[in-house]
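Here is my note on the model, point by point. Please read it beside the coordinates.

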Amino acid sequence: MRHLAMENMPESYLRYTQRKVFIICLLFLLTILLGVYAINAGSAKLSPAQVLLTLLGKAEGHLNIIIWNIRLPRVLAAITAGAGLSVAGCVMQSILRNPLASPFTLGVSQGAAFGAAVAIIALGAGSTHSASADAVIINNPYLVTISAFVGAMVTTMVVLFLAQIKGVTPEAMVLAGVALSSLFSAATIILQYFASDVQVASIVFWTFGDIGRASWRDLEIMAVVTGAALIYFMANQWNYNALDSGEETAKGLGVDVEKIRMAGMFVASLVTSVAVSFLGIIGFIGLVSPHMMRRILGGDHRFLIPASSVMGGLLLLASDTLARTIISPVVLPVGAITSFMGAPLFLYLLSRGYSKR
Amino acid sequence: MMLVVDKVEFSYSSRPVLRDIRFEVKRGELFSILGNNGAGKSTLLKCLNKILKPQTGTILIEKEDLSMLNRREVARRLGYVAQRYESGRFTVFDAVLLGRKPHIKWGATPRDLKIVQDVLQVLGMEELSLRYLDELSGGELQKVVIARALAQEPRVLLLDEPTSNLDLRNQFEVLKIVKKAAKERNIAVVVVMHDLNLAMRFADKFLLLKNGTIFACGGMEIMTPENIASVYGVQVAVERLAGIPVVVPL
């Protein structure tokens, strides 16, 4: 092999990859800017200068409370959950060879929600404090998460069974997702008959997702799990790229397809479960952001995975900020906003024959 | 000997597909596997690549036992071009870079990029580097997939019907590339083929597979009208046209 010097490198290719890195950085910057705006926006009027001072720890009492206890956790929760759900959707689309896959469309989110509801109502992991919308306080976040994870995994196993053993088409798999999610929704409704009025009110609100529910402790768990999952997915970026060229090609490139698929779905379900157990079901984020980024950056997972997660954070933060401010002081459930965004895209993908462009 | 196959048997659950397969492939040799649909050609190729595991028999790659190697180690030694593949939203360069996967730990090194660039150059595809796969023609796509397998730097290259779905010109171009790679890289190439004329034009050795067993194996001398008739069930004549051997069904 000849000696290799840097100037021999394929330059146009390097420029092409640098452009991708640049776009990801740009989105990241945009997220930070939107984050500052989101801390600003709301019924209590603040100025950007006040926000900055508070974050640096140089502000008086009531500002501290508003920013540190209400707005900042909310902004960070939106970014974390958006990133987690999107990266889960991105990886599901690759390992199931199904562009319509996401935690929401396959019913994994609904399974997790049912599991969480079981923990809160039946296993006593939540308790009632007041009669407002976020009246149910989660006492034991670990129990809720684990229970949500069991619900998510049950759905995932069914999905994997259909994908691997039965080899069903992408459309059929989404139909199975519809069946699974109505099954779990029905189970959740039945569960509500055994709950108090306040719990019911909260669960109804919850099925449409609410970012404001996250406490600092919830946020910590969510961030750790999402961060670990992101690292795992990044470490497998080449495996997902290989899978995108077809199962046999991937095997020929040394990928243990069954193992990668199992482990990937396991981790994706875990990420979905933490987001769902603390914030409720937030639909379509996991479908929309990977598709947007695949369109802009292409299908290379070295860039698609970080890009999807950043985009997901940005998108959910934007949706939540919109939900808070559009008819302020009324706060709309964020899941309603994301569904308005995602459902048309979903229909578009279906109508176009979901080619992977 | 680069590749030695000895007494290989394979069956799907209880249905036997391959029985007593034995052959050898030298370096620089283009070895073609021929036979009817369902004779077990693709199954044999998948056994060579350990995608399927034969129940008995041994496969040696440069004296190393295939059954002792893990997937990644197999992929470093054998390149495989599947019959079916999908074209995601990848550029040609990225698709070929994927061939470096068995050698890559975390990120692609400058050496990996250089190998990809060289392969694209040799195949005359530099211009296409940054085009997306879903914008390519069938012939271009097939060359990308072969380029990927070459970037893998294998010692044995396996191809499953690389010329089906290609037009005449691309059939020739693809097989010329494969033939050249075998000679220049001094690797063993095993190709499953349907077209007997193309096989006789490009291959050095032939293996006629019938009902999962070897009917005949060897050089040009085994490509007789009698052998072809009994393997394919069609009466044929083998003639020379402009010095090139051709098979004509009668």
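**Notes on the predicted model**

1. A:Thr155 is buried, at a relative accessible area of 0%. Buried means under 20% relative accessible area, exposed over 50%, and partly exposed in between, with a 1.4 Å probe and protein chains only. The residue A:Thr155 belongs to helix 5 (residues 141-166) of chain A. Helices (H or I, at least four residues) and strands (E, at least two) are DSSP runs, numbered from the N terminus. Setting aside neighbours within four places in sequence, A:Thr155 has contacts with A:Leu106, A:Gly107, A:Val108, A:Gly111, A:Leu180 and A:Phe184. Contact means heavy atoms within 4.5 Å.

2. On conventions: this is a predicted model, in which local features need pLDDT of at least 70 and side-chain atom pairs count only at pLDDT 80 or more, while totals for chains, interfaces and linings use all residues. Residues are numbered from 1 along each chain as its sequence is written, chains are lettered from A and ligands numbered from 1 in the order in which they are written, and side-chain values use heavy atoms, with hydrogens and water left out.

3. Next, the sheet. Chain B has an open sheet of four strands, order 2-1-4-5, with antiparallel pairing. Strand 2 (15-25) and strand 5 (64-65) of chain B are at the edges; each has a single partner strand, so one side of each lacks a neighbour in the sheet. Strands pair if DSSP finds at least two bridges between them. Strand 1 (residues 3-12) of chain B is joined to strand 2 of chain B, antiparallel, by seven bridges. B:Val4 has B:Glu24 in strand 2 of chain B as its bridge partner.

4. What lies across strand 1, strand 2 and strand 4 (56-61) of chain B? Helix 1 (residues 41-48) of chain B does, running at about 65° to strand 2 of chain B. Axes are lines fitted to C-alpha atoms, for helices over the stretch in contact; angles run from 0 to 180 degrees between N-to-C directions.

5. The largest nonpolar core has 154 residues. Such a core is a set of buried Ala, Val, Leu, Ile, Met, Phe, Trp, Tyr and Cys residues joined through side-chain atoms within 4.5 Å. Helix 3 (residues 61-95) of chain A gives the most to this core, 14 residues. Another core, of 34 residues, lies apart from it and includes B:Leu18 and B:Ala188.

6. Zero disulfides are counted over all chains, a disulfide being a pair of cysteine sulfur atoms within 2.5 Å. The sulfur of A:Cys90 is 18 Å from the closest cysteine sulfur, in A:Cys25, too far for a bond.
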